[in-house]
Amino acid sequence: MGAVLGRLVVAASGPSDSTRAGIPFHIAVNGATPAKVAVAVALAGDATELLKPDIIANVYGQGVPPLRDLMDKCLEQNVPLYV
């Protein structure tokens, strides 16, 4: 039986740096998953705040989709989130 190759993307930036906060989710749902690479996102430190609904709704980075859109895609694509 072959090994499953995949990626764990670590998110450590919180809502105070909206662009950096969104990048791990963007990589997961718009990079890895479409390329058929198994992926999960691990939230550490300040990034754990990104799971709060009021935070998710208000994180808009530059050059990445809004966090709300990225989180919706994580759910649609069954991307695991670890805290």
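**Core.** I began with the largest nonpolar core of this predicted model, a core being a set of buried Ala, Val, Leu, Ile, Met, Phe, Trp, Tyr and Cys residues joined through side-chain atoms within 4.5 Å. I found 20 residues in the largest one, and those with the most contacts inside it are Phe25, Val41, Leu43, Leu50, Leu67 and Val79. I then looked up which elements give two or more residues to this core: S1, H1, strand S2 (38-43), helix H2 (53-56) and helix H3 (67-76). H1 supplies the largest share, five residues. Helices (H or I, at least four residues) and strands (E, at least two) are DSSP runs, numbered from the N terminus.

**Phe25.** Here I left aside neighbours within four places in sequence and noted contacts (heavy atoms within 4.5 Å). Phe25 touches Val41, Leu43, Leu50, Leu67, Leu70, Met71, Cys74 and Leu81.

**Ser13.** I located Ser13 in the loop between strand S1 (6-11) and H1. Ser13 counts as buried because its relative accessibility is 17%; buried means under 20% relative accessible area, exposed over 50%, partly exposed in between (1.4 Å probe, protein chains only). With neighbours within four places again set aside, Ser13 contacts Arg20, Ala21, Asp46, Ala47 and Leu50.

**Arg20.** I placed Arg20 in helix H1 (residues 18-32). Arg20 counts as exposed because its relative accessibility is 53%. I also noted Gln62, 42 residues from Arg20 in sequence and 9.0 Å away in space, C-alpha to C-alpha.

**Bookkeeping.** Residues are numbered from 1 along each chain as its sequence is written, and side-chain values use heavy atoms, with hydrogens and water left out. Local features need pLDDT of at least 70, side-chain atom pairs count only at pLDDT 80 or more, and totals for chains, interfaces and linings use all residues.
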